[in-house]
Amino acid sequence: MSDGNYNKNLLPYRNYQSGVRAGRAQAKQLALQAFSAWLDAERTDLSADEKEQTLVAFKHHLDAALNIA
């Protein structure tokens with residue numbers, strides 16, 4: 001009968017932090033894809049270079065918001 005003490009080596013390994021980082025990276029990629037699609041659809045007046053600069057600026061703001069370096 002268990003007395004409440006158990007060997008942690010018998011528990012499944014789950015690295016919580018790596019899951020959080022993976023989720024943030026996935027959310028960042030989805031946001032970049034969505035913004036890029038919106039930029040292509042709505043801002044047809046911008047040149048390819050201007051769109052790239054806008055996407056880079058958005059990426060920097062997203063990094064700051066998600067606190068990802």
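Let's start with Phe-35, which is buried, at a relative accessible area of 17%; buried means under 20%, exposed over 50%, and partly exposed in between, using a 1.4 Å probe and protein chains only. Keep in mind that this is a predicted model, where local features need pLDDT of at least 70, side-chain atom pairs count only at pLDDT 80 or more, and totals for chains, interfaces and linings use all residues. Residues are numbered from 1 along each chain as its sequence is written, and side-chain values use heavy atoms, with hydrogens and water left out.

Now look for rings. The structure holds 2 aromatic pairs. In one of them, the ring centres of Phe-35 and Trp-38 are 5.8 Å apart and the planes are at 25 degrees, so this pair is stacked. (Rings of Phe, Tyr and Trp, its six-membered ring, pair if their centres lie within 6.5 Å; planes under 30 degrees apart count as stacked, over 60 as edge-to-face and the rest as tilted.) Both Phe-35 and Trp-38 sit in helix 1, 3 residues apart, about one turn of the helix. Trp-38 counts as partly exposed because its relative accessibility is 43%.

Phe-35 also stacks with Phe-58, at 4.2 Å centre to centre and 10 degrees between the planes. This pair links distant parts of the chain, since Phe-35 is in helix 1 and Phe-58 in helix 2, 23 residues apart. Phe-58 is partly exposed, with a relative accessible area of 25%. Together, the ring pairs join Phe-35, Trp-38 and Phe-58 into a cluster.

Next, follow the two helices themselves. Helix 1 (residues 16–42) packs against helix 2 at an angle of about 150 degrees, their axes 10 Å apart. That makes the two helices roughly antiparallel, a label for angles over 145 degrees, while under 35 is roughly parallel, 65 to 115 roughly perpendicular and the rest oblique. Residues making the contact (heavy atoms within 4.5 Å) include Phe-35 and Leu-39 of helix 1, and Lys-51 and Phe-58 of helix 2. By class, the contact has 8 nonpolar, 2 polar and 6 charged residues.

Finally, is Lys-51 buried or exposed? Lys-51 is buried, with a relative accessible area of 18%. You can find Lys-51 in helix 2 (residues 48–66). Leaving aside neighbours within four places in sequence, Lys-51 is in contact with Leu-39, Asp-40, Arg-43 and Leu-46.

How values were computed: Helix = DSSP H or I, 4+ residues; strand = E, 2+ residues; numbered from the N terminus. Axes fitted to C-alpha atoms, helices over the stretch in contact; angles between N-to-C directions. Nonpolar A, V, L, I, M, F, W, Y, C, P; charged D, E, K, R; others polar.
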